[in-house]
Amino acid sequence: MEKYLYFGVLLFAISYPLAQSFEHRIRYASKWGQIFPGMLITAAFFLIWDVWFTDIGVWEFNPTYISGLYLLNLPVEEWLFFFVIPFACLFIYEVLIYFFPKDPLRDWGKPFVYIMVPFLIGFALLHLDKWYTSVNFLVGGIALLVHFLIFNDKYLGKFLFAYLVHLIPFFLCNGILTGGITDEPVVIYNNAENLGIRIWTVPIEDSIYSMTLLLMNVSFFEAIRSAKTFHSVKSL
């Protein structure tokens with residue numbers, strides 16, 4: 001059964017959000033039509049990145065813990081990752097909006113951008129010899145900057161709150177995938193291409209990677225939701 005470990009992690013990640021999608025307060029299922037288009041675009045971006053990094057040896061996948069089904073040199077579990085994890089993270093985002101409608105981190109949005117954008121881009125340029133560090137931090141900095149230029153700080157507090165909360169299941173799931181409970185990791189990182197700094201067994205770069213994945217999904221989701229609301233109001 002160990003060959004289904006990656007599948008098991010994905011099933012764990014999606015089980016509660018999927019089961020609660022029809023809950024009458026959050027009504028997450030009613031928002032799927034606004035979520036999936038952006039999820040597809042974001043997944044396409046990250047899958048291209050993933051295929052490239054796999055091809056050049058930035059990371060690889062342990063055949064012991066995956067089903068053995070591949071598409072474009074990636075395990076099918078890795079393809080599912082870019083749909084399952086955003087689905088679960090956007091559920092967290094929506095739950096927090098419902099229970100904390102006043103956006104408690106609204107005032108932290110702009111400072112977060114002002115600090116993180118130059119830090120991420122500058123750090124990327126200082127580590128051009130490490131593919132995962134440089135590309136990951138550069139993409140994260142650009143994603144934050146683009147989001148801010150388009151939306152200003154309208155959603156940044158909500159995003160930041162969801163990001164901080166998501167770090168709990170993030171480190172649990174990623175810890176399992178990076179060898180936290182197994183003899184060998186599911187995803188094997190080439191440490192020559194990262195800083196070698198880990199939280200538990202998770203490379204520090206993964207926290208930025210996850211930030212960008214969530215931010216892009218939130219950006220598309222809110223853009224589509226705003227457009228739908230605008231057209232609904234206009235038609236009245």
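The structure is a predicted model, in which local features need pLDDT of at least 70 and side-chain atom pairs count only at pLDDT 80 or more, while totals for chains, interfaces and linings use all residues. Residues are numbered from 1 along each chain as its sequence is written, and side-chain values use heavy atoms, with hydrogens and water left out.

The predictor's confidence in each residue is its pLDDT, from 0 to 100. The protein has a mean pLDDT of 95, with 97% of its residues at 70 or more. Confidence is highest in helix α5 (residues 131-151), at a mean of 98, and lowest in helix α7 (residues 205-234), at 88. Helices (H or I, at least four residues) and strands (E, at least two) are DSSP runs, numbered from the N terminus.

Two packed helices are described by the angle between their axes and the distance between the axes. Axes here are lines fitted to C-alpha atoms, for helices over the stretch in contact, and angles run from 0 to 180 degrees between N-to-C directions. The axes of α4 (residues 109-126) and α5 come within 8 Å and cross at roughly 150°. The two helices are therefore roughly antiparallel; angles under 35 degrees count as roughly parallel, over 145 as roughly antiparallel, 65 to 115 as roughly perpendicular and the rest as oblique. In contact (heavy atoms within 4.5 Å) are residues of α4 including F112, M116 and F119, and residues of α5 including F137, L144 and F148.

For helix α2 (residues 32-55) and helix α3 (residues 76-99), the axes come within 9 Å and cross at roughly 140°. That makes α2 oblique to α3. This contact involves, among others, W32, F36 and L40 of α2 and W79, F83 and F87 of α3. The crossing of α2 and α3 is right-handed.

Helix α6 (residues 156-177) bends by about 40° at L167, the bend being the angle between axes fitted to the seven residues ending there and the seven starting there. A proline, P169, follows within four residues. Just after α6, G179 takes a positive phi of about 100°.

An unreviewed UniProt entry lists "transmembrane region" for spans including residues 134-152 and 159-181. Residues 134-152 are 95% helix and 0% strand, and residues 159-181 are 83% helix and 0% strand. UniProt positions follow the numbering used here, feature names are shortened, and annotations may be inferred rather than shown by experiment.

Terms used
A crossing is left-handed if the near helix is turned anticlockwise from the far one by less than a right angle, and right-handed if clockwise.
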